[in-house]
Amino acid sequence: MDFEIHYTEEQQLFRAALRDWLEWHAPRNLNIPRDGRPLDPEAQEKLKEFRRKLGANGWLAPSWPREYGGGGLGPPLETVLREELRRLALPSVGDAPRWLSAMMVWGTPEQRLRYVPPALRGETISWQMFNEPDAGTDLASLRTQAVRDGSDWLITGEKSFITGRFDPDLLCTLAVTDPTRPPRLNLGIFMVDAHLPGITIRTQALLMGSERHVEMDNVRVPGNCLLGDPFAGWEIAQTILEGERGGFDSRLVDDGGTIKSVLQYLREQGQV
Ligand SMILES: Cc1cc2nc3c(=O)[nH]c(=O)nc-3n(C[C@H](O)[C@H](O)[C@H](O)COP(=O)(O)OP(=O)(O)OC[C@H]3O[C@@H](n4cnc5c(N)ncnc54)[C@H](O)[C@@H]3O)c2cc1C
């Protein structure tokens, strides 16, 4: 049986044009720590500029509809795009696998237009804030609380092990919206503006690399930042995690780069 990957003529032409484009536009000589630490301001700025250029072509979300800022390409060309971006070995430049799909399912038409096009144009960076110091695998035990105050919500709590190499604009935050309701039926998801007062972000050192720790102290969030129903957070989180951990997005990408880098590491360690 032939296990070789064969590319169509359309894919090959697209790859050639894309390589030319990347030759001109991809940033070079960036200081990118290998351990996942936050990027320095200069690297962030150059990569953000590159994201905006990719976004202007719809290439941050190649197969998304053009009306939302996607590229309108099919999976075959999306595969080529992802392979070529991966070759550059830059930190992940897209937001797509995470809350964006959930926004299309659960968001109001107004919310979709408010959040999705700027993200796909490369103008905003979001972090996913589910995990807490005492709530990892068991997200139903999380403690961050969102309390209604008129038409706003006041959010207080801590989130840990949050991935974020770029400084964020939006924090997609899972919180308890009514502690009197049963677990899983008491959660809501908010798109929190990361620049609001009451938000403190620290870098959390790990044995290898680092992640981020975020404290929210009575952060006032407008009611229209709640995604879907106030008690639909569990279901929305499942929509997001399905996309992130096992969905279409993960299957599409050729993982040859990861396998190669693991082999290289083992060779360096004298293990193979
Ligand atoms: C590099 C990195 C990046 C991350 N980025 C993000 C991010 O961007 N956003 C975010 O929200 N989170 C993020 N996380 C957090 C991640 O989602 C959690 O680490 C994960 O949910 C597991 O939680 P935990 O580490 O607290 O482990 P625990 O929940 O303590 O689990 C430890 C072990 O116990 C097992 N276990 C736990 N509870 C049970 C149970 N009831 N029954 C059986 N087995 C159980 C687990 O399967 C696991 O093997 C990140 C974590 C890492 C390491």
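Task: name the exposed residues on the face of H1 that is turned away from its buried side.

Solution. Look at that face and you'll find Glu-9, Leu-13, Asp-20, Glu-23 and Trp-24. Exposed here means over 50% relative accessible area, buried means under 20%, and partly exposed is in between (1.4 Å probe, protein chains only). Helices are DSSP runs of H or I with at least four residues, strands are runs of E with at least two, and both are numbered from the N terminus. A quick word on what you're looking at: this is a predicted model, where local features need pLDDT of at least 70 and side-chain atom pairs count only at pLDDT 80 or more, while totals for chains, interfaces and linings use all residues. Residues are numbered from 1 along each chain as its sequence is written, and side-chain values use heavy atoms, leaving out hydrogens and water.

Task: work out which residues of H1 are buried and what covers them.

Solution. Start with the list: Gln-11, Phe-14, Arg-15, Leu-18, Trp-21 and Leu-22 are buried. Next, look down the axis of H1: these residues fall within an arc of 130 degrees, so they line one face of the helix. The arc is taken over the directions from the helix axis to the C-beta atoms. Finally, check the cover, which includes H2 and H3, with contact meaning heavy atoms within 4.5 Å.

Now sort the sides. Buried in H2 are Ala-43, Gln-44, Leu-47, Lys-48, Phe-50, Arg-51, Leu-54 and Gly-55. They sit within an arc of 165 degrees, so they line one face of the helix. H1, H3 and helix H5 (109-120) are among what covers the buried residues.

Last, the ends. After H2 comes Gly-58, whose phi is positive, near 80 degrees.

Task: of the 16 salt bridges in the structure, trace the one between Glu-84 and Arg-15, then the one between Lys-159 and Glu-132.

Solution. The rule is a side-chain nitrogen of Lys or Arg within 4 Å of a carboxyl oxygen of Asp or Glu. For Glu-84 and Arg-15, the closest N and O atoms are 2.6 Å apart. That pair links distant parts of the chain: Glu-84 is in helix H3 (residues 75-87) and Arg-15 in helix H1 (residues 9-25), 69 residues apart. Glu-84 is buried at 1% relative accessibility, and Arg-15 is buried too, at 14%.

Then take Lys-159 and Glu-132, whose closest N and O atoms are 3.0 Å apart. Lys-159 lies in strand S3 (residues 152-162) and Glu-132 in the loop between strand S1 (126-129) and strand S2 (145-149), so the bridge ties together parts 27 residues apart in sequence. Both Lys-159 and Glu-132 are buried. To finish, salt bridges with shared partners join Arg-15, Arg-19, Glu-83, Glu-84 and Arg-87 into one network.

**Around the ligand**

Solution. A polar backbone atom of Phe-130 is 2.9 Å from a ligand oxygen. From Thr-163, a polar side-chain atom lies 2.8 Å from a nitrogen of the ligand.

Key
Polar contact = N/O pair within 3.5 Å; in protein donor to acceptor, adjacent residues only side chain to side chain.
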